[in-house]
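Please look over the sequence and the structure before reading on.

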Amino acid sequence: MAIAAATPFPVSFALLRRPNTRWALKRLAALASSPSPPPQRKLIIYSKPGCCLCDGLKEKLHAAFALGGSDSLKDIELQVRNILDNPEWERLYQYEIPVLARVLSDGAEETLPRLSPRLGVETIQKKLAAAFR
């Protein structure tokens, strides 16, 4: 029962009464010792349909997310927001799109510096990786 006391989640005693209690205890021990997943990092791109700069940046972002290496962006969630869906977004970004923002741990957004449309995919990957460090 010492394992149950050390686990950070409630233990179902019905699980322990099953015929294969040894399996249940091993499973609980594995869950208790497994590292928690890293916090999800989020990147938002504010855009609108028909914006050629937005479409170009979205293409480069998708390519940058597909790249591997030391600056991999695999653990970053990309969210595309259409500014026409929200009057506040349209008011804030109508003359600025495309706008990139990263979501901070408290849920607030931090606008990132504008990326030149001339930048290569690798450079975009490096700049975004640096923004999340």
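## Terms and basis

Helices (H or I, at least four residues) and strands (E, at least two) are DSSP runs, numbered from the N terminus. By that numbering, glutamine 125 lies in helix α6.

This is a predicted model, in which local features need pLDDT of at least 70 and side-chain atom pairs count only at pLDDT 80 or more, while totals for chains, interfaces and linings use all residues. Residues are numbered from 1 along each chain as its sequence is written, and side-chain values use heavy atoms, with hydrogens and water left out.

## The chain as a whole

The protein chain has six helices and four strands. Their order along the sequence is α-α-α-β-α-β-α-β-β-α.

Of its 133 residues, 30% count as buried; buried means under 20% relative accessible area, exposed over 50%, and partly exposed in between (1.4 Å probe, protein chains only). The accessible surface of the protein chain comes to about 8900 Å², and carbon and sulfur atoms hold 56% of that. Accessible areas come from the Shrake-Rupley method with a 1.4 Å probe, and for residues only the protein chains shown count as cover. Contact means heavy atoms within 4.5 Å. Among contacts in the protein chain with a separation of 6 or more, 60% are between residues 24 or more positions apart.

## Helix α4

Helix α4 covers residues 52–66, which is 15 residues. From first C-alpha to last it reaches 21 Å, close to the 21 Å expected at 1.5 Å a residue; the expected span is 1.5 Å times one less than the number of residues.

Which residues of α4 are buried? They are Cys54, Leu57, Lys58, Leu61, Ala64 and Phe65. These residues lie on the same side of α4, because they cover an arc of only 125° around the axis; the arc is that of the directions from the helix axis to the C-beta atoms. An α-helix has 3.6 residues a turn, so residues three or four places apart point the same way. The face of α4 turned away from the buried side carries the exposed residues Cys52, Glu59 and Ala66. Cover for the buried residues of α4 includes β1 (41–47), β2 (76–82), β3 (99–103) and α6 (121–131).

One of the buried residues is lysine 58, with 19% relative accessibility. Leaving aside neighbours within four places in sequence, lysine 58 is in contact with Ile45, Ser47 and Val80.

## Where α4 meets α6

The two helices pack at an angle of about 75°, with their axes 9 Å apart. That makes α4 roughly perpendicular to α6 (angles of 65 to 115 degrees count as such; under 35 is roughly parallel, over 145 roughly antiparallel, and the rest oblique). Axes are lines fitted to C-alpha atoms, for helices over the stretch in contact, and angles run from 0 to 180 degrees between N-to-C directions. On the α4 side, Leu57, Lys60, Leu61, Ala63, Ala64 and Phe65 meet Val121, Ile124, Gln125 and Leu128 of α6.

Is glutamine 125 buried or exposed? Glutamine 125 is buried, with a relative accessible area of 6%. Beyond its neighbours within four places in sequence, glutamine 125 is in contact with residues including Ala64, Leu67 and Gly68.

## Around strand β3

A cis peptide bond, with omega about 0°, joins isoleucine 97 and proline 98. Proline 98 is in the loop between α5 (87–93) and β3.

Alanine 101 is in strand β3 and is buried, with a relative accessible area of 0%. Alanine 101 and leucine 112 are eleven residues apart in sequence and 5.3 Å apart in space, C-alpha to C-alpha. Leaving aside neighbours within four places in sequence, alanine 101 has contacts that include Lys42, Ile44, Tyr46 and Leu112.
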